[in-house]
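Subject: Structure handover

Hi,

Here is the structure for your work. My notes on what turned up follow below it.

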Amino acid sequence: KIALDSIVTEGSVANIRQLYDGRALFALVQNDVARNAHAGRGRFAGSPQPELRAVASLFPEAVHLVVRAGSGITGVADLKGKRVELGSDGSGTRANALAILNVSGIAVETLAAAGRAPLPEAARALAEGRVDALFATIHAPARELQGLAAGTAVALVPIGEQPTGDPGAAASGATAPAATTPPPNVSPTQMWDRVYAVYTAG
């Protein structure tokens, strides 16, 4: 048996940084974040980490764009001028949200507000009407989103297929299983990642 000490972080980007700084020997990271770190793209531009190694592919995670029902937001383009929770700094959610906005031609500056709250706080803000939309990269059964939908009428906004030729992305288009995320009558095309167990060689 190997004794492990768990470290609480904001997510995939923070986990990569923990590895890079030598504060962690092993981490769970979204595949797109790991690819960008390995190649030195996106949030890791200028600092490639070719020593990253994947141990195993563990489970898929869907990238969700959630709004209140009746909000009038039916696509990513409708986020301009809206208050949007993009995920906390260091999270895979924020990395995904920024990438989706970028490939959709939407500058963060065109949002009315670009929040940095973790998912539980973002869900409360959406329920209370303090934000118009939130991004969440989360695996099934997405308990936080189920809890949100239990008390608030929400809708999932289709994100669409991965743009062809985007070298910095590793998510693929998929149809969310009906039992994965609420509401059950909505099954939009979402973006999917996989979570990898990674370490640094050497």
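Start with R130: it is partly exposed, at 46% relative accessibility (buried is under 20% relative accessible area, exposed over 50%, partly exposed in between; 1.4 Å probe, protein chains only). Its side chain meets that of E128 in a salt bridge, 2.7 Å from N to O (a side-chain nitrogen of Lys or Arg within 4 Å of a carboxyl oxygen of Asp or Glu). E128 counts as exposed, at 53%.

Two notes on the source. This is a predicted model, in which local features need pLDDT of at least 70 and side-chain atom pairs count only at pLDDT 80 or more, while totals for chains, interfaces and linings use all residues. Residues are numbered from 1 along each chain as its sequence is written, and side-chain values use heavy atoms, with hydrogens and water left out.

Salt bridges

The structure holds five of them. D132 pairs with R83, the closest N and O atoms being 3.0 Å apart. D132 lies in the loop between α4 and β5 and R83 in strand β3, so this pair ties together parts 49 residues apart in sequence. (Helices, H or I, at least four residues, and strands, E, at least two, are DSSP runs numbered from the N terminus.) R116 bridges to D89, with closest N and O atoms 2.4 Å apart. R116 sits in the loop between β4 (113–115) and α4, D89 in the loop between β3 and α3, 27 residues apart. Shared partners join D89, R94 and R116 into one network.

Helix α4

Helix α4 spans residues 119–127, and its buried residues are L119, A122, A123, A125 and L126. Seen down the axis, they fall within an arc of 160°, so they line one face of the helix (the arc is that of the directions from the helix axis to the C-beta atoms). Their cover includes β2 (52–68), β5 (133–138) and α5 (143–151). Just after α4, G129 takes a positive phi of about 80°.

Cores

The largest nonpolar core has 17 residues, and L65, L79 and F135 have the most contacts inside it (a core is a set of buried Ala, Val, Leu, Ile, Met, Phe, Trp, Tyr and Cys residues joined through side-chain atoms within 4.5 Å). β2, α3 (92–103) and β5 each give two or more residues to this core. Apart from it lies another core of 15 residues, among them L119, A122, I138 and L148.

A buried loop residue

Q49 is in the loop between α2 (31–39) and β2. Q49 is buried, at 3% relative accessible area.

Regards

Note on methods:
Contact means heavy atoms within 4.5 Å.
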